[in-house]
Amino acid sequence: MFTRVANFCRKVLNREDEASVEVEEVSQMTIIPRESHTISRKDISENALKVLYRLNKAGYEAYLVGGGVRDLLLGKKPKDFDVTTNATPEQMRKLFRNCRLVGRRFRLAHVMFGPEVIEVATFRGHHQEEAAEEDRNNSQRAQSGMLLRDNIFGTIEDDAQRRDLTINSLYYSVADFTVRDYVGGLKDLQQGIVRLIGNPETRYREDPVRMLRVVRFAARLEMTIAAETAEPIPRLATLLHDIPPARLFEESLKLLQTGYGYSTYLKLREYQLFQPLFPIITRYFTEQGDSAMERMVSQVLKNTDNRIHNQMRVNPAFLFAAMFWYPQNETAQRIAQEGGLVWYDAFALAMNDVLDEACRALAIPKRITTLVRDIWQLQLRMSRRHGKRAWKLMEHPKFRAAYDLLALRAEVENNSELQRLAAWWGEFQVAAPPQQKNMLNNLGDDPAPRRRARRPRKRPGGQSRENSGNA
């Protein structure tokens with residue numbers, strides 16, 4: 001009996017100690033006054049300010065939070081502005097007529113201002129280890145530790161602890177123009193450190209996509225990843241297999257098509273996160289890292305980054321067509337050798353196999369895979385330029401993308417035949433019609449393109465075409 005009482009007292013004391021530690025952590029909140037930071041309302045979206053002012057006027061707390069605050073403090077232009085508040089989603093829907101509620105795992109309010117959407121989230125709260133039966137609709141966790149439902153509301157202090165990175169957990173108030181820091185995010189921002197809030201392994205298990213976010217922000221902001229944040233990533237990379245492929249597709253575009261794709265790619269390989277996203281590409285990696293496929297991936301990502309930084313459009317179909325080109329080509333060669341098929345048929349089967357496997361990891365939409373197929377099939381037609389074929393080929397909607405892939409292949413492989421072909425098409429596109437005609441007439445001097453030998457087709461009855469009486 002005495003032992004039981006002693007154990008009970010010990011548990012109570014431990015809980016009090018833990019509570020005091022939590023109070024100390026909360027008490028570390030730092031308030032940065034207006035004169036000590038660089039955020040100005042003129043740099044904030046007018047619509048975001050409208051949301052903040054209306055919430056404050058209705059008696060609610062409201063703060064600008066996340067990447068918008070981070071980028072403003074870094075002197076960058078935020079791509080969007082997120083708001084957090086103590087108002088519930090239902091209260092926000094009553095307050096804003098132009099509001100709709102979204103999200104299943106955590107309910108969010110989207111306040112619509114034409115093309116601009118201001119995302120408003122209620123302060124998130126901490127999870128209880130033993131949730132009450134009636135609360136299971138609000139919070140649910142899988143056996144792996146991944147959060148399936150997360151509608152637990154709390155205070156701003158709770159919300160700061162629940163965010164993923166310290167540099168994304170800074171709050172700006174329009175009520176007094178201060179910045180609030182609850183987790184040391186301002187110091188990490190000044191030192192260039194990406195640090196996860198809380199126990200890294202637990203947070204990664206709650207949502208494995210956080211590993212991708214850590215790498216993406218480190219690459220985009222040119223920061224280093226804190227040692228304790230980086231250590232579990234290679235061990236837990238396989239948790240990404242539990243994420244729906246549709247979500248991973250969206251994440252892949254954020255990783256590779258936001259202007260920092262090449263540096264992100266290097267970090268994904270370093271932390272073994274590239275394989276769950278692109279298993280078919282990883283299969284062809286070499287120890288030296290200098291295969292044609294690896295050079296292609298590096299170059300297309302560098303080119304994509306340059307286009308984005310120059311405000312030029314990019315298409316994920318071209319990116320995937322380039323990245324998967326050599327795995328598709330290798331697969332076509334294997335099918336042709338093993339099945340004895342002509343090259344065109346083996347090529348078509350390889351397209352199906354490679355894209356099917358790619359879509360199992362990333363749910364690439366059909367509208368994109370259709371364009372990838374077009375770009376690949378045009379590679380087979382680029383060397384056929386005689387007669388009216390060249391003009392007809394240029395009329396294809398994806399001709400320019402196919403030409404760009406041809407030029408990339410010539411550069412990556414350092415192949416003189418491909419380089420001559422790419423140079424010819426580059427000149428033909430910009431030439432006047434009379435000059436184009438002369439270029440086509442001079443094609444007779446070029447060596448005829450090599451064609452793979454076709455097997456004689458068999459007729460019913462086992463007789464080949466050449467041996468039949470009608471040949």
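**Close-up views of a predicted model**

View A. A polar contact of 2.9 Å links the side chain of Arg409 to the side chain of Gln379. The model shown here and in the other views is predicted. Although Arg409 is buried, it has no salt bridge. Glu413 provides the nearest side chain of opposite charge, at 4.2 Å, whereas a salt bridge requires a separation within 4 Å. Beyond its neighbours within four places in sequence, Arg409 is in contact with Gln379, Met296, Trp325, Tyr326, Asn414 and Leu418.

**View B. The buried residues of helix H12**. In helix H12 (residues 261–270), the buried residues are Gly261, Thr264, Tyr265 and Leu268. Because they cover an arc of only 105° around the axis, these residues lie on the same side of H12. An α-helix has 3.6 residues a turn, so residues three or four places apart point the same way. The packing partners of the buried residues of H12 are helices H8 (209–220), H11 (245–256), H13 (274–277) and H15 (292–309).

**View C. Antiparallel pairing of strands E4, E5 and E6**. Strands E4 (residues 99–102) and E5 (residues 108–113) run antiparallel and are joined by four bridges. Across this pairing, Arg100 stands opposite His110 of E5. E5 also pairs with strand E6 (residues 116–122), in the antiparallel sense and over six bridges. Here Val111 has Ile118 of E6 as its bridge partner. Two residues lie between the strands in the hairpin of E5 and E6, where Gly114 takes a positive phi near 65°.

Terms used: Residues are numbered from 1 along each chain as its sequence is written. This is a predicted model: local features need pLDDT of at least 70, side-chain atom pairs count only at pLDDT 80 or more; totals for chains, interfaces and linings use all residues. Side-chain values use heavy atoms; hydrogens and water are left out. Buried means under 20% relative accessible area, exposed over 50%, partly exposed in between (1.4 Å probe, protein chains only). The arc is that of the directions from the helix axis to the C-beta atoms. Contact means heavy atoms within 4.5 Å. Lys and Arg count as positive and Asp and Glu as negative; His and the chain ends are not counted. A polar contact is a pair of N or O atoms within 3.5 Å; within protein, one must be able to donate a hydrogen and the other to accept it, and residues adjacent in sequence count only if both atoms are side-chain atoms. Two strands pair if DSSP finds at least two bridges between them.
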